[in-house]
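The points are grouped by topic.

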Amino acid sequence: MNQSYVEHLQGMVRIPTISNADDSKIDFGQFEKLHKYLEEIYPAIHKYMEKTVVGKAGLLFKWKGTASDKLPVLLMGHQDVVPEGDHSKWKYPPYSGEVAEGCIWGRGTTDCKCVILAEMEAVEALIKQGFQPDYDIYLAFGYNEEVQGPVKSAREIVDYLKKQDVRLGCVFDEGSEVTDGKAMGYDGYICKVALGEKAYHDYEIYQDSAGGHSMEPGNGTALGAVSRAVVALEENPLPYRLTDIVEEQLKALARCMTGEKAIIYADPKGHWEELCAYAKEDKKLDSLLHTTCAVTMASGSPQSNILPEHASMIMNCRVLQGDTEESLLAHFRRVIPVDVKVRKVMGDDPEPATSVEGRPYKLVEEIAKEEYGEKVLVMPGLLAGGTDARFFPAICDNVFRYTGFFQDERWGFPHQANEKIPCDALESAVKFYKELLLRY
C-alpha cells in the first residue's frame, strides 16, 4: 500500500465539490480549494505542464511531447460529487476521508476522485523519473459530470481543444475495471473495457386541457389520456437489435457460462430468437439489445379536486447506437394516441463505439495480460450509464471508459451512503496509467 496515495485521496475527499444543474447554485470556492490542493500535492505537473482553467472550473493540463506523428493521449475524470444525503446513514462522516477497515471512506472516493488521483499520480511520477514522451499528454477534469444542465464542463473542454485543432489518439475515462471472475463463473480475472455508452434522453408526454372542477370530468382527464399513452409505449417497446460492440461483449461473456446459454451467447446472430427470449427475462441483457424507456415522473393538478390543465409524464430513455431523436419520436408518435403530444426535453444522440481492432485497445489487452496473466478475459462492452467521455468522439476515435482499477467486494457503491475504496486498490490504477503512457 502506498501511504502517499491514501493521504492524497483523503485530502481530495475532504473538499466537498458538489455540483448542481444550475451553476449559480454551485459553491465554486470548493473547486478553487481543490485546485490549490492539487497544486500542493502535484508540484511537477504544475511546473512542467501547461494548465488552463476552462469555463468556471474545468481543468486542462498539457504535457508537450517531442515531435512525432503520434496523436495525443488524454486522461480524464470529473471533480464533482453528488450530495452526501442523510449523514445518519454513514458509518463515518462523508467528507472526513476516514481510513478504517482497510478503506478510505467518503463521498467521491469511488466516483471519481480516485480516478483523478491515479492519473495525476502516474503523470507526476513519470515527470519526476525523467520520462519524456514523444507525444502530447493531456489531463482533463470537468466540474459537473453528475448533473444534466445547460452547461457541460466536458463539452467546454472539447470545444476548447477543437479550437486548438487538437485531434486525440485515445481518451481514458471512468467506467469499467478489473474484477475476479469467480462471481461470474470464470476461473481467472475479467478486465471489462467499456468502449461506448448509451445516450441519455428525456421526453415529456403531455396533454393540455381547459381544466375545471373534478366534479365534472366529462369523458376523462388529461392525466388519464397521458396515462393511456404511457401504457401504450410500455406495451410497444423499441425492437431488439444486435450492435457490433454488444455482439463482442456477449461472445466474451460466453466464456463465463456453461450449457445452452453459453452456446447462445457465443453465436448471438445464429441464436437470435433464443437470445431475445432470454432478454425478456433478464433486464441487464434487455438493456443491451435496445433503447430502453422508463417513465419516472408524473404531474397533474396541484390538488385533488382540480382537473389538470397540463398533465405530463417524463420518460427517461437510454439510447442504443443506431437510434436517434428523430427515430424515437417517430416510434412514439406511431404508438401514442393522436391527442397526446411528445417532445424531447434534453439529450444528445449516441456516439459510435470504439473498435476492438485499434492499437489502443490492443495495448490495454497487453497490459492486462502482463499484470493478470494470459488467462485474463478482456471483455469489451457497452456502458448503460453516462460519462463525460461521450463528448470526446468529436475529436477522438478511441474513447475508453476504463481505469485499470482492481475492484472487489470491499468497494462501496457510488452515490450511496458509505462510499469507500480499499487503500490497496489505488496502486492498480496508477500502475496501469504509467504503463499505458510508457508504451503508447
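This is a predicted model: local features need pLDDT of at least 70, side-chain atom pairs count only at pLDDT 80 or more; totals for chains, interfaces and linings use all residues.

Glu247 is buried, at 11% relative accessible area. Its salt-bridge partner is Lys251, with 3.4 Å between the closest N and O atoms. Lys251 is partly exposed, with a relative accessible area of 36%.

**Salt bridges within a helix**
- Glu247 and Lys251 both belong to helix α7 (residues 244-253), where a spacing of four residues puts about one helical turn between them.
- In helix α4 (residues 113-128), Glu124 and Lys128 are also four residues apart, about one turn of the helix.
- The side chains of Glu124 and Lys128 form a salt bridge with an N to O distance of 3.4 Å.
- Glu124 counts as buried because its relative accessibility is 4%, under the 20% cut-off.
- Lys128 is exposed, with a relative accessible area of 59%.

**A salt bridge between helices**
- Lys431 and Glu371 form a salt bridge, their closest N and O atoms lying 2.8 Å apart.
- Lys431 is in helix α13 (residues 426-439) and Glu371 is in helix α12 (residues 359-372), so this pair ties together parts 60 residues apart in sequence.
- Lys431 is partly exposed at 44% relative accessible area, and Glu371 is partly exposed at 40%.

**Salt bridges overall**
- The whole structure contains 24 salt bridges.
- A network of salt bridges links Lys62, Lys64 and Asp136.

**Strand pairing**
- Strands β1 (residues 50-54) and β2 (residues 58-63) pair in the antiparallel sense over five bridges.
- Thr52 has Leu60 in β2 as its bridge partner.
- Three residues separate β1 and β2 in this hairpin, and Gly55 in the turn has a positive phi of about 70 degrees.

Key. Residues are numbered from 1 along each chain as its sequence is written. Side-chain values use heavy atoms; hydrogens and water are left out. Two strands pair if DSSP finds at least two bridges between them. Helices (H or I, at least four residues) and strands (E, at least two) are DSSP runs, numbered from the N terminus. A salt bridge is a side-chain nitrogen of Lys or Arg within 4 Å of a carboxyl oxygen of Asp or Glu. Buried means under 20% relative accessible area, exposed over 50%, partly exposed in between (1.4 Å probe, protein chains only).
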